[in-house]
Amino acid sequence: MSGHRHGEYKVHGGKLVVVDLDEEAGRLANVSVSGDFFLEPDEALDDINAALNGMAADGSHADYAAAVEAALSPDVVLFGFSAPAVATAVRRALAKATGWRDHDWQLIGPQVLPIHLNVALDEVLTRRVGEGKRQPTMRIWDWDEPSVVIGSFQSVRNEVDADGAERHGVTVVRRITGGGAMFMEHGNAITYSLYLPQTLVDGLSFEASYAFLDAWTMAALEKVGVEAFYQPLNDIATPEGKIGGAAQKRLGNGAMLHHVTMSYDIDADKMTDVLRIGKEKISDKGIASAKKRVDPLRRQTGLDRESIIGTMMDTFRDRYGASDSAITDEELAAAKDLVEAKFATGEWLHRVP
């Protein structure tokens, strides 16, 4: 693949970085970096261009960033941009990195489905995005059975109190993303999944990718009066306490799943009956009990769950030009097959006993 390439990257809270280049015989040529950033001294721009010229077109984000860093003397001042920002613009020029607006986002609203089907759909839809059979999508979950959804690497025995789960009629399922157990009764949580190409998080660390993919959620929560922020790695918190957590899974086909559950109206007594939330888990939180760890959105907003979900969907639509979509019959059938073959089996549920 050869020819002229153009890439743009707006630094969050900073300036626009533009890269024009030619690709010749698998190498970068005629690289020209421009933008509304500030750079001292002027000649440093020539050094940046020279450092990138001749590099392999299949280089990594880290390769390009390191080359730019190495070319700049210690007295060079970059204001409003950085070497990694230049690397992102290069990768975008080469179509290896993308921005939100480069995609035709789809939005699937809440549909009550069995909890096994919800976790199976996460795998099916992520794979479809990687195969080019579905556009990147955000899906809001819904369910009506009391459930515990445990992380991919959690032990059922250590996380779930079997007697408590049976007493409360709780279905236990294992999802494909890591992270912690989620206690999910009907209407007590707000859960969504993003199915996206990994090009959208190109150059971001795992930690940075979490906050990046949930920036729209923070904006939506602000609209309903909640001052939310990220607590690394994957907790969403407010000054009142933790309200949720995120988890990810990256597939070999280039797609990834980003999944978030936020507490709306948790029954804390029932939760501690069903989940084994040990002292070690909350030892670094400076709090005495799990009941105080989760501060539901209902109390913080005074709004019903549907209103908050509506604000979230509107925010996502407005930010990314998303259009409404639905789970196709074929996707639903594939998810049902996957429930039978994987998610409803004891082998999968107890893969970590």
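Q: In the hairpin of β1 and β2, which residue takes a positive phi?
A: First, some ground rules. This is a predicted model, where local features need pLDDT of at least 70 and side-chain atom pairs count only at pLDDT 80 or more, while totals for chains, interfaces and linings use all residues. Residues are numbered from 1 along each chain as its sequence is written, and side-chain values use heavy atoms, with hydrogens and water left out. Helices (H or I, at least four residues) and strands (E, at least two) are DSSP runs, numbered from the N terminus. Now the hairpin: G13 has the positive phi, near 75°. Five residues sit between the two strands there.

Q: How many bridges join β1 to β2, and in which sense do they run?
A: Strands of a sheet pair through backbone hydrogen bonds, either parallel or antiparallel. Two strands count as paired if DSSP finds at least two bridges between them. Strand β1 (residues 3-10) and strand β2 (residues 16-24) run antiparallel, joined by eight bridges.

Q: What joins β2 to β3?
A: Seven bridges do, and strand β3 (residues 27-35) runs antiparallel to β2. Look for E24, whose bridge partner in β3 is R27. This hairpin has two residues between the strands, and A25 takes a positive phi near 50°.

Q: What is the strand order in the open sheet of three strands?
A: The order is β9-β8-β10, with mixed pairing. The edge strands are β9 and β10, each pairing on one side only. Neighbouring strands of this sheet are turned by 20° against each other on average, direction ignored. For such angles, axes are lines fitted to C-alpha atoms (for helices, over the stretch in contact), and angles run from 0 to 180 degrees between N-to-C directions.

Q: Which helix packs on this sheet?
A: Helix α4 (residues 115-130) does, touching β8, β9 and β10. Its direction makes about 10° with that of β9. Contact means heavy atoms within 4.5 Å.

Q: In which sense do β8 and β9 pair, parallel or antiparallel?
A: Parallel, over four bridges, with strand β8 at residues 147-150. I150 stands opposite R174 in β9. On the β10 side, three bridges join β8 to β10, and these two run antiparallel. There, V148 has F183 as its bridge partner.

Q: Are the faces of β8 covered or open, and which residues show that?
A: In a regular strand the side chains alternate between the two faces of the sheet. Buried means under 20% relative accessible area, exposed over 50%, and partly exposed in between (1.4 Å probe, protein chains only). Both faces of β8 are covered. S147 and V149 are buried on one side, V148 and I150 on the other.

Q: Where does R175 lie?
A: R175 lies in the loop between β9 (171-174) and β10 (182-184).

Q: Which backbone oxygen does the side chain of R175 reach?
A: A polar contact is a pair of N or O atoms within 3.5 Å; within protein, one must be able to donate a hydrogen and the other to accept it, and residues adjacent in sequence count only if both atoms are side-chain atoms. The side chain of R175 reaches the backbone oxygen of G180 at 2.8 Å. The backbone oxygen of G178 also lies 2.8 Å from a polar atom of that side chain. Leaving aside neighbours within four places in sequence, R175 has contacts including V119, V149, A247 and W348.

Q: Is N118 buried or exposed?
A: N118 counts as buried because its relative accessible area is 0%. This residue lies in helix α4. Its side chain makes a polar contact with the side chain of R139 (2.8 Å). The side chain of N118 also reaches the backbone oxygen of L113 at 3.3 Å.

Q: Why is G132 classed as exposed?
A: G132 is exposed because its relative accessible area is 62%. Find G132 in the loop between α4 and β7 (137-140).
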